[in-house]
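Me: I would like a close look at a single part of this structure. Please keep the explanation plain.

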Amino acid sequence: MPTSTHTETARLLPLDIEGLSEQQRRGVVCVYDGIALGPDAVNLGQRPHGQIHVFPRACPRCVADQAAETAGAHAAICEQCVDNPVGCETVAALRRLHMEHTR
Ligand SMILES: [Zn+2]
Ligand SMILES: [Zn+2]
C-alpha cells in the first residue's frame, strides 16, 4: 500500500481537533468513536493545531464511513463533480479509501 498517497487522502477527512481528548490527539484511540486502536489503525496525517501538531488515527471502519460521507459532501461543492464526477480525483481518492477499509 502506498502509504504517502494514502495519508494524503486521509487528510481530506474532517476532524474537529478542538474537540479531541488527549488520547485521541496522541493517536491512542480512534478520533471518531474513541475505541482503542490496534495494528490496523489508519494514520490520518499530521495536523497542525496552534503551536503543536497532533497525530490522529482512526479505526478502519470509521475511516470507511468518513470517506463515504466526505465524498458525498464534496460532490455538492465541487464544480468538477457537477460536470463529471468520474473525472474528479478527490472523489476517486476518497472512494479508494472507502473501499480499502470496507470489509
Ligand atoms: Zn473508529
Ligand atoms: Zn470533485
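Are Cys 81 and Cys 88 buried or exposed?

Reply: Both Cys 81 and Cys 88 are buried, where buried means under 20% relative accessible area, exposed over 50%, and partly exposed in between, with a 1.4 Å probe and protein chains only. This is a predicted model, in which local features need pLDDT of at least 70, side-chain atom pairs count only at pLDDT 80 or more, and totals for chains, interfaces and linings use all residues. Residues are numbered from 1 along each chain as its sequence is written, chains are lettered from A and ligands numbered from 1 in the order in which they are written, and side-chain values use heavy atoms, with hydrogens and water left out.

Cys 81 and Cys 88 each give an SG atom to the zinc ion (ligand 2). Donors are N, O and S atoms within 2.8 Å of the metal (3.2 Å for Na, K and Ca); water is not among the atoms, so sites may look incomplete. The angles among the four donor atoms are 103 to 128°, and the site is tetrahedral. Four donors count as tetrahedral if all angles lie between 85 and 135 degrees; four count as square planar and six as octahedral if opposite donors are over 155 degrees apart and all others between 65 and 115; anything else is irregular. Along the sequence, the spacing of the donor residues of the zinc ion (ligand 2) is H-x3-C-x2-C-x6-C.

The zinc ion (ligand 1) has an irregular site, with angles of 84 to 122° among its four donor atoms.
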